[in-house]
Amino acid sequence: MIVYEGKAVFEGIAIGKLSVYKKNEETVKREKVEDVEAEVARYASAREEAVEQLQALYEKAVKEVGEASAEIFEVHQMVVDDDDFVESVEGIIRTQGVNAEYAVAETGDNFKKMFEEMEDEYFRGRAADIKDISERIVRILQGNGGEGIASDEPVIVVADDLAPSETVQMDKDKILSFVTVHGSANSHTSILAKTMNIPAVITCPIPLTEEVDGKEAVVDGFEGKIYVEPTPEVLAEKQKLLQTELEKKALLEELKGKENVTLDGQKINLYANIGNTKDLGLVLKNDAGGIGLFRSEFIYLGSSDYPTEDEQFAIYKQVAETLAGKKVIIRTLDIGADKQADYFQLPAEENPAMGLRAIRICLTRPEVFKTQLRAILRASAFGKVSIMFPMIISVDEVKEIQGILAEVKAELDGEGIAYDKNIETGIMIETPASVIMAEELAKEVDFFSIGTNDLTQYTLAIDRQNQSLDKFYDSHHPAILKMLKMVVDAAHKYGKWAGICGELGADLTLTKEFLAMGFDELSVSPGRILPIRKIVRETDVSAYKAGK
């Protein structure tokens, strides 16, 4: 038995044969061409085919992993037609008189290096996307295919790394687990693996050779270990663990329709975080009590221009009607930092995480903000809709927002358009400033929802997407937990409710602690609803507090 250790990005156990993912490596030669315009036309044709392929991948991903995770393929389509990328390829063809394959490969390499040299961890991670796109176009130009896994039975896929398109193109029923030598916990492939509920381990030094291919193995997504040709004792231990996991999933199904009430009668709302209407099926399937975070920015990121009021209204209305009276909290536009839409033409920033983003964009572009607020208010006539504003740091910001909201309501009143006159409004607590000002802010709004991802990085002064700082990043840091308690206490002091919509809300090791703190709501990915419900129903909060 040989044991390899990496970093787990999704928990679970997988037992089966290893299958080394074979990429079809393209050899690109630099060749002189006589008719450069014909070569440019050939490139244009390949681009069209690439867009068609990516659209098909997008549609497949939407069905399998939801709208939010499928967005990457829309982004890839945009890159294929990006003016700078296209101009570079066509410029190389025309000025050097070379074949399209070489021009695409050269441009891909140049853009990849450019992204790799960027300081921001997120943009460095996008270098792999550039490589994926350029290789796709080269394959089309060369008429090549034939990459993937060749197996009639489910396997553990091992690879150097996997592009999002490679992940989605695989037959989901034949994948037990992903194991990669490289990769990042924030890569799109890791996110897809989590959404697909497939155990995954990255940065694992497993050799990608024929000696490994086809061998029996166990992937332990809890420990981040891969056991190649496990001993009978290890195999028996992991089989038992796998069976326990399967039994847990079956038991969780029995919790559907049950209340989120502790043994001593404390209630908590369990809501879902979603990115678009395609995720509504997962909300209903997992018996969420409502939507605690509708990420409206995906409407903007999936569009080539500012979405109109009617386009947004149709989406918000569908969500409100589908939830049939359950609460739907729509977060207003939250782009900037790692979420960019080209048509906003945001300025380049050295530190985008602390730059022009979220509510700051809305307050500096009030017409864009008003368009969204009109759409949300109109949709509130068709369900129980609330509005949530991100990245708040002051009472002054809240009052400015309230002034703009009042103007929009007055406009709708003047036009005789129906909306919920008493619509609930709240803010995200994501900055140390908002925590310190929580009591003052609680007087101005109806609820708080804590975005623990940003709150943690701003409090600890650690870029959460910088992989080299993982050792120092501690989401359980005492300072963070103290802040959470400060926020919920401030909300309750003024009769307001408080919840968590960040990743920490789904941390099962903290569920009892959140109950003890008095949180009224946790909003998590749909698949986490039932596991949290199980803990809630088995907890005696009074006894937990007494035992601390």
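Me: What percentage of the 548 residues in the protein chain is buried?
Reply: The model is a predicted one. A residue is called buried when its relative accessible area is under 20%. Of the 548 residues in the protein chain, the buried share is 53%.

Me: What is the accessible surface of the protein chain, and what part of it belongs to carbon and sulfur atoms?
Reply: The total for the protein chain is about 24100 Å². The part that belongs to carbon and sulfur atoms is 50%.

Me: How many helices and strands does the protein chain have?
Reply: Both kinds of element occur in the protein chain. The strands include β14, which spans residues 447-450. The counts are 22 helices and 16 strands.

Me: Among contacts between residues at least 6 apart in sequence, what percentage joins residues at least 24 apart?
Reply: A contact requires heavy atoms within 4.5 Å. Among contacts in the protein chain at a separation of at least 6, those joining residues at least 24 apart make up 69%.

Me: Is Ser449 buried or exposed?
Reply: Ser449 sits in strand β14. Leaving out residues up to four places away in sequence, Ser449 touches Met388, Ile427, Met428, Ile429, Gly499, Ile500, Cys501 and Glu521. The relative accessible area of Ser449 is 1%, so Ser449 is buried.

Me: Which class, buried or exposed, do Cys362 and Cys501 fall into?
Reply: The cut-off for buried is under 20% relative accessible area. Cys362 has a relative accessibility of 2%, so Cys362 is buried. Cys501, which is among the residues that Ser449 touches, has 5% relative accessibility and therefore also counts as buried.

Me: How many disulfides are there?
Reply: A disulfide requires a pair of cysteine sulfur atoms within 2.5 Å. By this rule the number of disulfides is zero.

Conventions:
Residues are numbered from 1 along each chain as its sequence is written. This is a predicted model: local features need pLDDT of at least 70, side-chain atom pairs count only at pLDDT 80 or more; totals for chains, interfaces and linings use all residues. Side-chain values use heavy atoms; hydrogens and water are left out. Helices (H or I, at least four residues) and strands (E, at least two) are DSSP runs, numbered from the N terminus. Buried means under 20% relative accessible area, exposed over 50%, partly exposed in between (1.4 Å probe, protein chains only). Accessible areas come from the Shrake-Rupley method with a 1.4 Å probe; for residues, only the protein chains shown count as cover.
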